[in-house]
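Biologist: I would like each label in this description set against its definition before I rely on it. Could we go through them in turn?

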Amino acid sequence: MKFVSFKCEGKETYGVEMDDRILDVAGAEDLPGDLLQGIEAGEGFLERVEAILKEKSGTLPSFAKDEVKWLSPIPNVKRNIMCVGKNYREHAIEMGGEQDIPKNIMIFTKATHTVIGHGETVLHHDDITEELDYEGELAVIIGKKGRGISPEEAMDHVFGYSILNDITARDLQKKHGQFFIGKSLDTTCPMGPFLVTKDEVEDPQNLSITTKVNGEVRQSSNTGQMIFSIPTIISTLSKGMTLLPGDIIATGTPSGVGKGYKPPRFLRKGDVVEIEIEGLGILTNPLQA
């Protein structure tokens with residue numbers, strides 16, 4: 001299923017894309033009121049949604065995609081987004097040379113307030129940064145609580161996948177000597193448009209990923225090029241730390257970021273960033289004009 005969180009007629013709700021429309025399922029047959037609550041409810045949640053769609057899809061409120069305001073699939077993120085740094089070899093090289101290829105997984109986080117949805121405007125923050133950059137990434141959403149998860153068990157803990165843009169203020173990142181401030185400006189974590197359940201993604205390690213700025217391809221790669229695989233990432237994060245349903249893991253970006261060009265090509269006011277991942281849709285966000 002392709003879940004969507006959205007706002008329509010003054011109400012925040014969620015639904016499923018079906019036949020190019022969005023069916024509102026929140027509250028149907030006592031389903032949870034938002035998607036995060038559904039993920040937290042466990043495996044029975046998906047079974048209930050499937051049954052409702054099979055039996056009552058014709059009676060559910062239905063909307064065209066241009067009738068709704070898209071929200072992040074999980075609008076009210078509870079914990080910081082966990083992000084893997086330099087997880088594609090060529091990206092590590094473009095950022096600092098061969099010596100920057102990590103031997104162990106690099107993890108940083110983005111604050112919860114950064115998250116916005118498909119179509120929402122990204123603030124340019126030109127009063128504090130001159131080097132705002134894009135990073136197209138595959139996001140993994142955890143569906144089952146766990147700690148000390150083995151790589152072999154890791155995929156059992158996945159609920160689904162989405163697209164994420166890890167927008168970064170490179171100059172702030174360099175100035176402060178760490179990632180958090182440069183990664184946590186308001187509106188710098190667009191997500192969506194969908195949260196696609198894992199059963200619809202045959203192999204998350206073999207998905208094409210493309211980022212365009214104003215229609216020009218800047219990043220073009222495949223998730224199979226990750227240095228550290230999704231099971232390895234989940235297993236490493238869960239060593240001593242409990243992963244919870246609804247946790248979001250950004251798995252790293254390929255080469256082709258603005259900073260990697262010579263001269264650099266940072267985002268400007270009015271730019272439009274599109275990130276497409278095979279089977280997951282296209283995440284589109286304009287920059288503040």
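Biologist: Where does D100 lie, and why is D100 called partly exposed?

Modeller: D100 sits in the loop between α3 and β7, where helices (H or I, at least four residues) and strands (E, at least two) are DSSP runs numbered from the N terminus. Its relative accessible area is 23%; buried means under 20%, exposed over 50% and partly exposed in between, with a 1.4 Å probe and protein chains only, so D100 falls in the middle class. This is a predicted model, in which local features need pLDDT of at least 70, side-chain atom pairs count only at pLDDT 80 or more, and totals for chains, interfaces and linings use all residues. Residues are numbered from 1 along each chain as its sequence is written, and side-chain values use heavy atoms, with hydrogens and water left out.

Biologist: Which residues is D100 in contact with, leaving aside its neighbours within four places in sequence?

Modeller: They are K86, A92 and M95, where contact means heavy atoms within 4.5 Å. K86 is 14 residues from D100 in sequence, and their C-alpha atoms lie 8.0 Å apart in space.

Biologist: What makes the space lined by K86 and M95 a pocket?

Modeller: On a 1 Å grid over the protein atoms alone, a pocket is an open set of points with protein on both sides within 12 Å along at least five of seven lines, whereas a cavity is a set where a 1.4 Å probe fits but cannot get out; lining residues have an atom within 4 Å of a point. By that rule the largest pocket has 23 lining residues, with K86, M95, R170, Q173 and F179 nearest its centre. It holds about 370 Å³ of space, a volume being the space filled by probe spheres set on points joined across faces, edges and corners. At least two lining residues come from each of β6 (81–85), α3 (89–96), β7 (106–110) and α4 (170–176), and α4 gives the most, with 4 residues. By class the lining has 5 nonpolar, 7 polar and 11 charged residues, where Ala, Val, Leu, Ile, Met, Phe, Trp, Tyr, Cys and Pro count as nonpolar, Asp, Glu, Lys and Arg as charged, and the others, Gly among them, as polar.

Biologist: How do you know where the second largest pocket lies relative to domain 1 and domain 2?

Modeller: Domain 1 (2–70) and domain 2 (81–287) both contribute lining residues, so the second largest pocket lies between them; the bounds come from an automatic or database domain assignment. Its lining includes I39, E43 and L46 as well as K144, H157 and F159, with at least two residues each from α2 (43–56) and β11 (158–165). The volume of this pocket is about 250 Å³. The centres of the two domains, taken over C-alpha atoms, are 26 Å apart, and 13 residues of domain 1 are in contact with 16 residues of domain 2.

Biologist: Why is the protein called as compact as a globular protein of its length?

Modeller: The protein has 6 helices and 18 strands. Its radius of gyration is 18 Å, close to the 19 Å that the globule rule gives for 289 residues, so the description holds; the radius is taken over C-alpha atoms, and the rule is 2.2 Å times the number of residues to the power 0.38. Buried residues make up 52% of the 289.

Biologist: What makes helix α6 largely enclosed by the rest of the structure?

Modeller: In α6 (residues 230–237), 6 of the 8 residues are buried, so the helix is largely enclosed. Its buried residues are I230, P231, I233, I234, S235 and L237, and they pack against β6, β7, β10 (136–142), β11 and β16.

Biologist: Are D30 and T187 buried or exposed?

Modeller: D30, in the loop between β3 (21–24) and α1 (35–41), has a relative accessible area of 68% and is therefore exposed. T187, in the loop between α5 (180–183) and β13, is at 13% and so counts as buried. Neither is a glycine, yet phi is positive at about 65 degrees in D30 and near 70 degrees in T187.
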